[in-house]
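User: I have a structure open and would like to go through some of its details. Can we take it piece by piece?

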Amino acid sequence: MGYEAIGYEETTRKNDGGNQHIRAKWLRITLMLCIGVIFSSLLPGQSPAAAASTTSSSIISVLDRNHYLLDNGTVWSQGLTSGVWTQNRNLVGISKGDSHSLYGWTTDGLVYRWDMDNPQKPEINQYNGVEKVYGNGLILLRDGTLHDDGKQIKGLESIIDVGPYPVDRNYSYGALSSSGDVYYADYRNIVRKVGNVADGKAVATNSAYAAVLKSDGSVVIVNMMYEEEQVQVASDAQSLIWQGSTHKLLTVKKDGTVWSYDRTAKYKSEQLPGLMNVDQLIYSYELDELYARLQDGSWVVYNEGEMVPLQVPSLTKVTLTASAKEAGIGDEIELSVQHTYSNGFKTKRQPLPAEITLEHPQVAKIQSDGKLKVTGIGTTKVTVTIEDLTSSVQLDVGVQQKLTGATLLNGTIYLPVQSVFKTLGAKVDVKGSSFMIQFGDDKITLQKGSATAQFNNKELKLKGKVQTIGGQTVFPASLLSQTAGIKVRWDGELKQAEVLVGKSSIFIESKDTPALIKKKELGSLSRLIGKSYWINSTTELGQRFSKVTITDIKMDKYDSGDKSYSVVFRNAKGKTVVAYAGGTASRVTEMLSDADQFFPYDPYQKYKWSQSTWKKIIAGEVALGMTTTQAGLAWGDPTSITQEMGSKGKIEVWVYAGPNLLRALSFINGKLISIY
C-alpha cells in the first residue's frame with residue numbers, strides 16, 4: 001500500500017536525539033488525548049443526515065486524530081481557525097494536502113479540495129475513473145495516469161501507486177508502474193526513472209529512498225538519488241510506511257505484527273511491542289503520532305507498546321438556545337444547538353429546519369436558514385430533535401399595539417375577525433361573506449350572518465351571529481375557547497376585551513375605551529376637560545380677557561418613569577394652543593388657579609364696566625377715578641403698597657419700581673387721585 005497521510009508545509013528531519021524529543025512530546029499528547037473529531041457547524045446546503053450523530057458509524061480512514069473518513073461517506077476535519085466541521089459527500093477516501101487543505105474523492109470521479117479554515121465552498125473537479133488521491137492533490141486514475149492541478153504529469157504511465165514525501169514547503173514523490181519501474185519526481189513534476197523492482201505493488205518514499213513492496217511480501221529499498229545496489233530488507237509484508245522523516249521503515253506483516261527497519265543501522269529489524277493483528281499503519285507528521293487499523297477494522301493510537309482505541313465520539317446531549325425568549329410579531333429569532341459528545345467535546349451550530357418542531361406553529365414559522373420568524377401572539381415550545389435526543393426552549397410573543405372593535409352585546413363579547421386571528425398568527429382568506437381561517441393545524445370557516453362555524457369540517461354552534469358592528473365583521477369571542485382553549489374576559493371599567501394567550505395578552509378596545517383610559521390616567525384632572533377660563537395676559541392663547549376652553553390634557557410618559565403634562569386650549573377664534581404645565585398633575589391646577597394667568601370667570605360679566613374703561617385696561621392705561629381693581633388689572637400688582645388714614649379717609653400709595661422705572665399711584669378711599 002502507498003502512504004496516505006502526506007503533504008505538509010514544513011517537516012524537518014529528526015535525528016536520534018530528536019526522537020527522544022518526539023517520545024516526550026508523545027507522552028504529553030497522550031495525557032491530553034481526546035478521542036475523535038466533533039461537529040462544530042453545519043455548512044449551508046447540507047442534508048439533514050450530515051447533522052445526525054454518527055454513533056452507528058465507524059472509521060474507515062484516518063489522517064490523524066483530527067481528520068477521519070466514516071463508512072457513511074462523511075469527512076470530519078478540524079481547521080486552525082474554523083474549528084471542527086463535517087460534510088457528507090459520499091466519499092470513499094481522503095488525503096491531506098498542505099497543512100491547510102484536505103482532499104476527498106468519490107466512486108464516480110468527483111475530487112473535492114477543502115480549505116480547512118473555510119470549508120463552506122470546496123473546490124470540486126470531475127475525473128474519469130479516480131483510483132486514489134494522494135497528498136498535495138496527486139490524482140491517480142484507473143488508466144494509470146497521474147494528474148496534478150487538472151493536468152496529466154508527463155513521463156508517468158501505467159502507475160499503480162505513489163509515495164509522496166513532504167519536505168520543507170515543497171515535496172517530492174516516488175511512483176511505481178505496473179511493470180515495476182520506479183520513478184522520482186520533485187514538486188515541479190520533473191520526472192526521472194530511478195530503477196525497477198519486478199512484481200512491485202506498493203511504494204513509500206523517504207528523502208532519497210523508495211521502499212517497494214513486492215507481490216511476494218518482500219520489501220526492496222531503491223536509492224533514488226544515486227546508483228547503488230538494491231537492498232531487500234523484509235519479507236512476508238502486506239503494507240509499509242516510513243515513520244515520518246526518520247530513517248525507520250515500518251512494515252505490517254501478514255500475521256498482523258509490525259516491524260521496524262532502521263536504515264542507519266543497516267536495516268536492522270525490530271518488532272514493535274504491543275502491536276498485534278494490524279492491517280495498516282498511518283503516521284502523522286504534524287502530531288508525531290502513529291495510527292494502526294486492526295484486522296477487525298478498528299483503529300488505535302500506538303505509543304511505545306500501548307494502544308489506545310480511536311473511536312467515533314457518540315452524541316450524548318443536545319441543548320437548544322434562542323437569541324431571545326420574548327419577542328414581538330415580525331421579529332426573527334436565531335437558534336443554535338450545542339452538541340455534547342461522549343468524550344466531553346462541545347460544539348454549536350444552527351439547527352436544520354427539519355430538526356425543529358413548534359408546539360403552536362401559528363406563533364412562529366421555521367425559515368430555510370433555521371431561524372424563526374414570529375408570526376403570532378402566544379407561547380410556544382420550540383424543540384430540536386436529533387436522533388433520539390431532544391431539547392426545548394419556550395418562546396413568549398406579546399403585542400404592544402392595541403386592537404379596536406370589541407363589543408359587549410347582550411352579555412356576549414364580540415371581537416373583530418381579521419385583526420384578532422391575524423394577530424394570533426392565523427391566515428385569513430376572505431371570499432365574499434365567508435372567512436376561511438387557517439389557525440395552526442386547524443381550519444375554521446365563518447359565515448357572516450350565521451351562528452354556526454365549521455371547525456375542521458365539523459359544525460360548531462356559536463353564542464351569537466357573525467355580524468358587522470362599527471364597520472368591522474365580528475364573531476363571538478367564545479369561539480376561541482371552543483377551538484383553541486384561549487380565554488377572553490371583559491374589562492367593564494375600560495369597556496375592552498382581553499384575550500389571554502399563554503403568558504401574553506391582546507387588548508381589543510371598544511369605541512368607548514380611549515376616553516375611559518384617558519379619564520383613568522388623568523384622575524381628577526379629567527374634570528377640567530371642557531371647562532373654560534379667561535386669560536389675564538395677551539399671549540399666544542389669544543387677547544387678554546378672552547375666553548379659552550380646555551379640550552384635552554396630555555400626559556406623556558418616559559422610559560425613566562417621569563411624566564409631563566400639557567393643557568390643550570381652544571381660543572375664541574377656534575385655534576388650538578398647547579400650554580406646557582409641568583411634570584406633575586398638581587402643576588396643571590397651579591397654572592389654572594394662578595390669577596396672573598387665568599380667571600375662572602368671565603371678567604366682563606363680573607365687572608360690568610364701561611367699554612371705554614375696558615379699552616384702557618386692555619391697553620395697559622390708568623386714569624384718574626379708576627378703582628384699585630381697575631388699576632390693578634391695567635398695570636398689574638405693584639412692587640409695594642403703603643396705607644394710612646387721613647382726614648378724607650383711607651390713603652393708599654402703590655409703587656412700581658424697576659431698573660429703569662419708578663411710577664406711583666395714589667388712592668383715597670379706593671379711587672385713583674394722582675399718577676406719578
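The chat below goes through aromatic rings, a helix and a serine.

User: What kind of model is this?
Analyst: It is a predicted model.

User: How many aromatic pairs are there in the whole structure?
Analyst: A search of the whole structure gives 18 aromatic pairs. One of them is tyrosine 533 with phenylalanine 598. The ring centres of these two are 6.1 Å apart and the planes are at 70°, so the pair is edge-to-face.

User: Where in the chain do tyrosine 533 and phenylalanine 598 sit?
Analyst: Tyrosine 533 is in strand β52 (residues 532–535) and phenylalanine 598 is in strand β56 (residues 598–599). They are 65 residues apart, and the pair links distant parts of the chain.

User: Is tyrosine 533 buried or exposed?
Analyst: Tyrosine 533 counts as buried, because its relative accessibility is 5% and the cut-off for buried is under 20%. Phenylalanine 598 is also buried, at 3%.

User: And what about tryptophan 609 and tryptophan 614?
Analyst: They form a tilted aromatic pair, with 4.9 Å from centre to centre and 35° between the planes. Tryptophan 614 is buried at 5% relative accessibility, while tryptophan 609 is partly exposed at 21%.

User: Which residues form one aromatic cluster with them?
Analyst: The cluster holds Phe545, Phe599, Tyr601, Tyr604 and Tyr607, along with Trp609 and Trp614. The ring of tyrosine 601 also has the charged end of lysine 606 over it, 4.2 Å from the ring centre.

User: New topic: helix α7. Which of its residues are buried?
Analyst: In α7 (residues 611–619), the buried residues are Thr613, Trp614 and Ile617. Seen down the helix axis, the buried residues fall within an arc of 95°, so they line one face of α7.

User: Why would residues three or four places apart point the same way?
Analyst: Because an α-helix has 3.6 residues a turn.

User: What is on the other side of α7, and what covers the buried residues?
Analyst: Gln611, Lys615 and Ala619 are exposed on the other side. The cover over the buried residues includes α6 (603–606) and α8 (628–635).

User: What follows α7?
Analyst: Glycine 620 does, and its phi is positive, near 75°.

User: Last one: what does the side chain of serine 434 make a polar contact with?
Analyst: Its partner is the side chain of glutamine 447, at 2.4 Å. Serine 434 is in strand β43 (residues 434–439) and counts as buried at 16% relative accessibility. Beyond its neighbours within four places in sequence, serine 434 is in contact with Asp429, Leu446 and Gln447.

Conventions. Residues numbered from 1 in each chain as written. Predicted model: local features only at pLDDT ≥ 70, side-chain atom pairs only at ≥ 80, totals over all residues. Heavy atoms only, no water. Helix = DSSP H or I, 4+ residues; strand = E, 2+ residues; numbered from the N terminus. Buried < 20%, exposed > 50% of the residue type's maximum accessible area, 1.4 Å probe, protein only. Polar contact = N/O pair within 3.5 Å; in protein donor to acceptor, adjacent residues only side chain to side chain. Contact = heavy atoms within 4.5 Å. Phe/Tyr/Trp six-rings, centres within 6.5 Å; stacked < 30°, edge-to-face > 60°. Lys NZ or Arg CZ within 6 Å of the ring centre and 35° of its normal. Arc of directions from axis to C-beta.
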